[in-house]
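Let's walk through this model together, one chain at a time. Have the sequence at hand as you read.

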Amino acid sequence: MAPAADEAKSGNGGQIQRPFTFNEIVLRNRLTALVVDGDNFCRLLQQGILQAYGLQTQTVDNGDAAVELIASGAKFDLILIDMLLPILDGLEATRRIRAMGVNCKMLGVTAFSGERERQAFLAAGVDLFVEKPLGPEVLIPILRELDGQYPSI
Amino acid sequence: MDRNRLQHQVACMRRSLFDQGYLDEPFIQLEELQDDANPNFVQEIVTLFYSDSARLIQNIEHALNSRPIDFNKLDDYMHQFKGSSSSIGAKKVTNECTVFREHCSAENAEGCIRSFQQVKQEYAILRRKLEVYLQMVGQAAVSQTA
């Protein structure tokens, strides 16, 4: 069994305040997700995280494959897409996915952290720009919303 | 070794990994994903991180040895390395990746070479510490079920 999460301490010796942990949500519905990341490790890690929450998760390693998969009719409740992708980058892939009329929640999950990148990804069509790593404080509210656990505004 | 003493050693080692800044919040998230259904999740993810990192380090070394240096390619590789190291909570490695990318943006070859040595050093230190820590975690788990 993993050591208790509350044993972790920050660099200054104090306790880390953690508003969310991974086991704080139980999904009522079967949600589906697509992870688009060119890095093998990040792709499998994000898939592992989403599957742990109970999402049925597919992965592709480039933007072109993501566009083709969605063009073939595959539907997802959530798409995590990186900016830097081989063959077709995340910005263009996002634009093309949105141009197909896909309105699902899209998160741009990237190691880029600049304001210019954030604006570009949002302009391309992602709903949220997230600097890696994607943590529960970002993901849990989104999953609750997708699962209908919050009233829509 | 006595079970309680082993578990105490594991807890102390874990605290020091966080206190000394080698690991950060995302590693806790990995640990929380480990359960009876995924009993080796942390080890599997860490092992994948090692192989992914070895590939990226090799690519970066090759790019640094090429003449002329392709700084765009270098930046892409280090961008990937920063992404994966931050995803696992490898705080010091991630910080050194950021320094490297600053030298890359400035097309400072000497700076890139110097900071890459730091990246490799921090990665090697983290890997050694994680191997010891996870080995002890495994031993503690076995002693619990014995």
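Of the contacts in chain B with a separation of 6 or more, what percentage is accounted for by residues 24 or more positions apart? The figure is 66%, with contact meaning heavy atoms within 4.5 Å.

Before we go further, a word on conventions. This is a predicted model, in which local features need pLDDT of at least 70 and side-chain atom pairs count only at pLDDT 80 or more, while totals for chains, interfaces and linings use all residues. Residues are numbered from 1 along each chain as its sequence is written, chains are lettered from A and ligands numbered from 1 in the order in which they are written, and side-chain values use heavy atoms, leaving out hydrogens and water.

Let's stay with chain B. It holds six helices and zero strands, where helices (H or I, at least four residues) and strands (E, at least two) are DSSP runs numbered from the N terminus. Its C-alpha atoms fill a box of roughly 60 × 30 × 20 Å along the principal axes. Of its 146 residues, 50% count as buried; buried means under 20% relative accessible area, exposed over 50%, and partly exposed in between (1.4 Å probe, protein chains only). UniProt, in an unreviewed entry, places the feature "domain: HPt" at residues 38–140 of chain B; such positions follow the numbering used here, feature names are shortened, and annotations may be inferred rather than shown by experiment. That span is 87% helix and 0% strand, and its end C-alpha atoms are 17 Å apart.

B:Glu96 sits in helix H5 (residues 91–105) of chain B. B:Glu96 is buried yet has no salt bridge, and the nearest side chain of opposite charge, B:Lys92, is 8.2 Å away. Here a salt bridge is a side-chain nitrogen of Lys or Arg within 4 Å of a carboxyl oxygen of Asp or Glu, and for charge, Lys and Arg count as positive and Asp and Glu as negative, with His and the chain ends not counted. Leaving out residues up to four places away in sequence, B:Glu96 touches B:Gln118, B:Val119 and B:Glu122.

Now turn to chain A. The unreviewed UniProt entry gives "domain: Response regulatory" for residues 32–147 of chain A. This span is 47% helix and 21% strand, and its end C-alpha atoms lie 11 Å apart. The UniProt annotation "modified residue: 4-aspartylphosphate", also from an unreviewed entry, covers A:Asp82. You will find A:Asp82 in the loop between strand E3 (78–81) and helix H3 (90–99) of chain A. Because its relative accessibility is 4%, A:Asp82 counts as buried. Beyond its neighbours within four places in sequence, its contacts include A:Asp37, A:Thr110 and A:Lys132.

Elsewhere in chain A, A:Val67 lies in helix H2 (residues 63–71). A:Val67 is buried, with a relative accessible area of 12%, and among the residues A:Val67 touches, beyond those up to four places away in sequence, are A:Leu88, A:Ile97 and A:Met100.

Finally, look at helix H5 (residues 136–146) of chain A, where the buried residues include A:Leu139, A:Ile142 and A:Leu143. What covers the buried residues of H5(A) includes helix H1 (40–53), E3, strand E4 (105–110) and strand E5 (128–131) of chain A, together with helix H2 (25–33) of chain B. After H5(A) comes A:Gly148, whose phi is positive, near 80 degrees.
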